[in-house]
Amino acid sequence: MSHVRRFDHVGLTVADLDAVTAFFVALGLEVEGRTFVEGEFLDTVCGIPGSRTEIVMLKPPDNGTRLELSSFVRPDSVPGSPAAMANELGLRNVAFEVSDLQAAVDWAATEGYGLVGGIGEYEGTWRMAYVRGPEGIIVSLAERIG
């Protein structure tokens, strides 16, 4: 028996909630909601007593899996590794299918976000690239081809 009913969301903890939200909105996601969470529920779930976080929930155009961005008001965030490479353990990328990979990569470059490597092609079916987004988040962009 499977315990999973559906893939609901991916959560990322960020320092600058406004800047990271703006990046993903410009990429094509839509803000679904923004709120503060604190109290017994958050303390219990994240295991940090007295915590408070601000959360932005973003949804894709197809109403699929959401992206939750959170920024801790208290306690202070613990810095991650903004230059982490694909082989560093942990969450390495957030992936999106795009309609025009080159246009998305060009847009990211104009915003100051460059490629981690290059644009690759997989077996004539996908073109893909990793872009290093705000706060070092690796954003995988893929275009279906062929």
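1. Arg66 is buried, with a relative accessible area of 18%. Here buried means under 20% relative accessible area, exposed means over 50%, and partly exposed lies in between (1.4 Å probe, protein chains only). The side chain of Arg66 meets that of Glu32 in a salt bridge, with N and O 2.8 Å apart. This pair links distant parts of the chain: Glu32 sits in strand E2 and Arg66 in strand E4, 34 residues apart. Glu32 itself is partly exposed, at 41% relative accessibility.

2. A word on the model before going further. It is predicted: local features need pLDDT of at least 70, side-chain atom pairs count only at pLDDT 80 or more, and totals for chains, interfaces and linings use all residues. Residues are numbered from 1 along each chain as its sequence is written, and side-chain values use heavy atoms, leaving out hydrogens and water.

3. How many salt bridges are there? The count comes to eight, where a salt bridge is a side-chain nitrogen of Lys or Arg within 4 Å of a carboxyl oxygen of Asp or Glu. One of them joins the side chains of Asp18 and Arg34, at 2.8 Å from N to O. Asp18 is in helix H1 and Arg34 is in strand E2 (residues 30-38); they are 16 residues apart, so look for distant parts of the chain being linked. Asp18 is partly exposed at 49% relative accessibility. Arg34 is partly exposed too, at 42%.

4. Next, look at Glu97 and Arg144. Their salt bridge has its closest N and O atoms 3.9 Å apart. Glu97 lies in strand E5 and Arg144 in strand E8, so the pair ties together parts that are 47 residues apart in sequence. Are these two residues buried or exposed? Glu97 is exposed, with a relative accessible area of 53%. Arg144 also counts as exposed, at 53%. Elsewhere, salt bridges that share partners join Asp18, Arg34 and Glu54 into one network.

5. Now the sheet. Four strands form an open sheet in the order E5-E8-E7-E6, with mixed pairing. Strand E5 (94-97) and strand E6 (120-122) are the edge strands, each pairing on one side only. From one strand to the next, the twist averages 25°. Helices (H or I, at least four residues) and strands (E, at least two) are DSSP runs, numbered from the N terminus. Two strands pair if DSSP finds at least two bridges between them.

6. E6 and strand E7 (residues 126-132) run antiparallel and are joined by three bridges. Glu121 stands opposite Arg127 in E7.

7. Two helices lie across the strands. Helix H3 (residues 101-110) lies across E7 and E8, at about 10° to E7. Axes are lines fitted to C-alpha atoms, for helices over the stretch in contact, and angles run from 0 to 180 degrees between N-to-C directions.

8. Glu143 deserves a look. This residue is in strand E8. Glu143 is buried, with a relative accessible area of 14%. What lies 3.1 Å from a polar atom of its side chain? The backbone nitrogen of Leu101 does. That is a polar contact: a pair of N or O atoms within 3.5 Å, where, within protein, one must be able to donate a hydrogen and the other to accept it, and residues adjacent in sequence count only if both atoms are side-chain atoms. Leaving aside neighbours within four places in sequence, Glu143 is in contact (heavy atoms within 4.5 Å) with residues including Asp100, Leu101, Trp126 and Arg127.

9. Thr21 is another polar residue to check. It lies in helix H1 (residues 17-27). Thr21 counts as buried, at 7% relative accessibility. A polar atom of the Thr21 side chain lies 2.7 Å from the backbone oxygen of Leu17. Not counting residues up to four places away in sequence, Thr21 touches Val31, Val56, Leu58 and Leu69.

10. Last, the core. In soluble globular proteins, nonpolar side chains tend to be buried together. A nonpolar core is a set of buried Ala, Val, Leu, Ile, Met, Phe, Trp, Tyr and Cys residues joined through side-chain atoms within 4.5 Å. The largest one here has 23 residues, of which Phe24, Leu67, Leu69, Phe96 and Leu141 touch the most other members. Two or more residues each come from H1, strand E3 (52-59), strand E4 (66-74), E5, H3, E7 and E8. Beyond four places in sequence, Leu69 is in contact with residues including Val20, Thr21, Phe24 and Ile55.
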